[in-house]
Amino acid sequence: MEVANSNLEFHADRVDEITDDEYVAVTQETFIGHAIDEFRDFEPVTEETTVYYLYATDNAGRLVGVMSLRELLNAPEDDVVEDHMQTDLVTIDADADPEFAADEIAELDFPALPVVDDDDRLVGVLRTDDMIDVVEEEATEDIMKSAGFSFADVEQSRSSAILESSIPKILRLRLPWLIVALAGGLLAGGVIEAYEDTLEAVVALAFFVPVIMDMGGNVGTQASTIFVRGLALGHIDDRNAMKYFAREGLIGLLIGLIIGGIGAGAAYIWQIDEPYVFELATVVFVGLVSVCVVASVVGYVIPWIMNKLGFDPAAASDPLITTVKDVTALLIYFGLAAVLLSELL
């Protein structure tokens with residue numbers, strides 16, 4: 001029998017850094033009765049440890065089979081393990097990425113998976129309970145990156161990277177994506193300048209520009225955060241991406257209809273004495289609906305595109321989303337205003 005103490009570490013780069021080495025393993029020639037005795041004698045160091053399987057190895061320590069505890073107890077005690085073990089094995093490579101391992105466990109719905117090295121030698125097990133903290137840490141790291149942070153050393157805590165690094169390093173971490181956001185702001189300013197005549201004719205339009213842009217920013221940030229977390233946890237992949245894109249577009253539309261209705265109502269009451277009040281309310285309504293839909297969709301699509309192109313989807317998402325939704329929202333808002341309020345220009 002092989003048992004040892006569990007040694008879990010988070011922010012790991014490889015599966016073998018988070019492998020639990022409290023397990024029961026016997027050689028394939030072991031009698032069932034003796035294997036049951038091994039289970040009885042097993043005393044895990046960690047009280048929360050639950051052993052679900054008996055692992056069978058050859059004399060070189062290579063994993064060759066597995067038996068569930070139920071199968072073990074139902075087998076005749078004078079048979080050998082080899083006669084009853086399952087040989088169609090699902091294993092995790094010790095050098096695999098922890099997020100990949102989490103995806104495998106979630107997809108297969110197994111309480112534990114054996115971990116093997118390059119020579120198929122059993123080195124430990126991964127349990128579902130042990131993976132929860134790992135997945136949470138990885139997801140939190142990706143969410144932090146969505147604000148424009150990237151970390152050279154994933155073992156270093158977020159606070160240390162932000163607070164204790166040198167000033168040049170902090171600038172390298174934060175400045176590039178902020179420059180992207182600045183360029184987006186300048187581009188949005190160019191759109192406003194192009195519709196200067198419209199603003200001069202209907203000054204009230206300017207009152208709602210911050211509302212349009214801020215609401216788009218909030219919806220886009222929500223969408224990108226949900227997407228990055230879903231990607232990190234393995235809930236979103238190539239098989240279901242289009243379903244989630246369409247679903248997020250519908251959610252954005254529903255949010256836009258509610259928010260747009262509130263905004264249009266406020267515009268109507270605010271400017272009720274103006275002759276163009278209905279047209280203004282319509283512009284605000286359509287502008288808010290449009291920006292919510294666009295922000296929701298690009299909040300999913302841009303991180304996905306960055307991921308497919310090999311870039312970090314978390315670090316690049318928010319600045320690009322901000323630029324796309326700002327420019328798009330302003331073009332829709334002022335373009336519609338120029339059409340509906342043309343008699344005032």
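Guide: Here is a close look at one strand and its neighbours.
This is a predicted model: local features need pLDDT of at least 70, side-chain atom pairs count only at pLDDT 80 or more, and totals for chains, interfaces and linings use all residues. Residues are numbered from 1 along each chain as its sequence is written, and side-chain values use heavy atoms, with hydrogens and water left out.

Start with strand S2, residues 53-57. Strands here are DSSP runs of E, at least two residues long, numbered from the N terminus. S2 is mostly covered: five of its five residues are buried. Buried means under 20% relative accessible area, with a 1.4 Å probe and protein chains only.

Now look at the directions. Tyr-53, Tyr-55 and Thr-57 point one way from S2. Leu-54 and Ala-56 point the other way. Both sets are buried.

Next, the partners. Two strands pair if DSSP finds at least two bridges between them. Strand S1, residues 24-27, pairs with S2 in the parallel sense, over four bridges. Find Val-26: it stands opposite Ala-56 in S2.

Strand S3, residues 63-68, pairs with S2 too. This pairing is antiparallel and has five bridges. Here Tyr-53 has Ser-68 in S3 as its bridge partner.

Finally, follow the chain from S2 to S3. The two strands form a hairpin, with five residues between them. Gly-61 sits in the turn and has a positive phi of about 85°.

Technical notes. Buried means under 20% relative accessible area, exposed over 50%, partly exposed in between (1.4 Å probe, protein chains only).
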